[in-house]
Amino acid sequence: MPSVGSTGTASHLHVEQQKTGAKLAIPLSLRCEMLDITLAQVIKRCRDRVVSPWLLHHVTSSGNVKASDQVGENSLSVSFKLAIDSTGISVEDGKTMPTFHEQRSLSERLYEEQGINTQQLLGHSSDKMTAQYHNDRGLDWVKVKV
């Protein structure tokens, strides 16, 4: 359950991971150089007219869901697919849009290039797990040495 709070003098996003229970305090100043955006800026973009403790939350009430409720995993996946479909971006035959796991893997590689300890950032207890995220699955260019 992510929450924005303060640890010492620096502001952080506090995240308790569902799978492992790992507790992370990620500085809001964390910047993705490739996108030229900080975590604080991303969080600000998640805020809207609905007061909610969740970064990703419903903005309207419908059925059993009320405005400000956390967006569930299934809802998030369906909404993500609808958003991608609405862009009109075509996908090559036989290929699919990137999954959330693939986006997390790309993020790991980008932050690692910046010198960030991605094992800590991803909340992994072993470097073996982080190495799995670092694998680009053969999508990067192979540089031929001459």
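Modeller: Serine 68 counts as buried, at 17% relative accessibility; buried means under 20% relative accessible area, exposed over 50% and partly exposed in between, with a 1.4 Å probe and protein chains only. The model is predicted, so local features need pLDDT of at least 70 and side-chain atom pairs pLDDT 80 or more, while totals for chains, interfaces and linings use all residues. Residues are numbered from 1 along each chain as its sequence is written, and side-chain values use heavy atoms, without hydrogens or water.

Biologist: What is the order of the elements from the N terminus on?

Modeller: The protein chain has five helices and five strands. These are DSSP runs numbered from the N terminus: helices are H or I with at least four residues, strands E with at least two. From the N terminus on, the order is β-β-β-β-β-α-α-α-α-α.

Biologist: Which residues of the largest nonpolar core touch the most other members?

Modeller: A nonpolar core is a set of buried Ala, Val, Leu, Ile, Met, Phe, Trp, Tyr and Cys residues joined through side-chain atoms within 4.5 Å. The largest one has 13 residues. The elements giving two or more residues to this core are β2 (10-16), β3 (23-27), α1 (39-46) and α3 (100-113). The members that touch the most others are Leu13, Ile26, Leu30, Leu39 and Ile43.

Biologist: Which backbone oxygen does the side chain of histidine 57 reach at 2.8 Å?

Modeller: Histidine 57 lies in the loop between α1 and α2 (73-87) and is buried, with a relative accessible area of 9%. Its side chain makes polar contacts, pairs of N or O atoms within 3.5 Å; within protein, one must be able to donate a hydrogen and the other to accept it, and residues adjacent in sequence count only if both atoms are side-chain atoms. One reaches the backbone oxygen of leucine 55 at 3.4 Å. The oxygen reached at 2.8 Å is that of tryptophan 54.

Biologist: What is the phi of serine 68 near?

Modeller: Serine 68 is found in the loop between α1 and α2. Histidine 57 touches serine 68, among other residues, contact meaning heavy atoms within 4.5 Å. Serine 68 is not a glycine, yet its phi is positive, near 95°.

Biologist: Is aspartate 36 buried or exposed?

Modeller: Aspartate 36 lies in the loop between β4 (31-32) and β5 (37-38). Its phi is positive, about 55°, although it is not a glycine. At 56% relative accessibility, aspartate 36 counts as exposed.

Note on methods:
Lists of a residue's contacts leave out its neighbours within four places in sequence.
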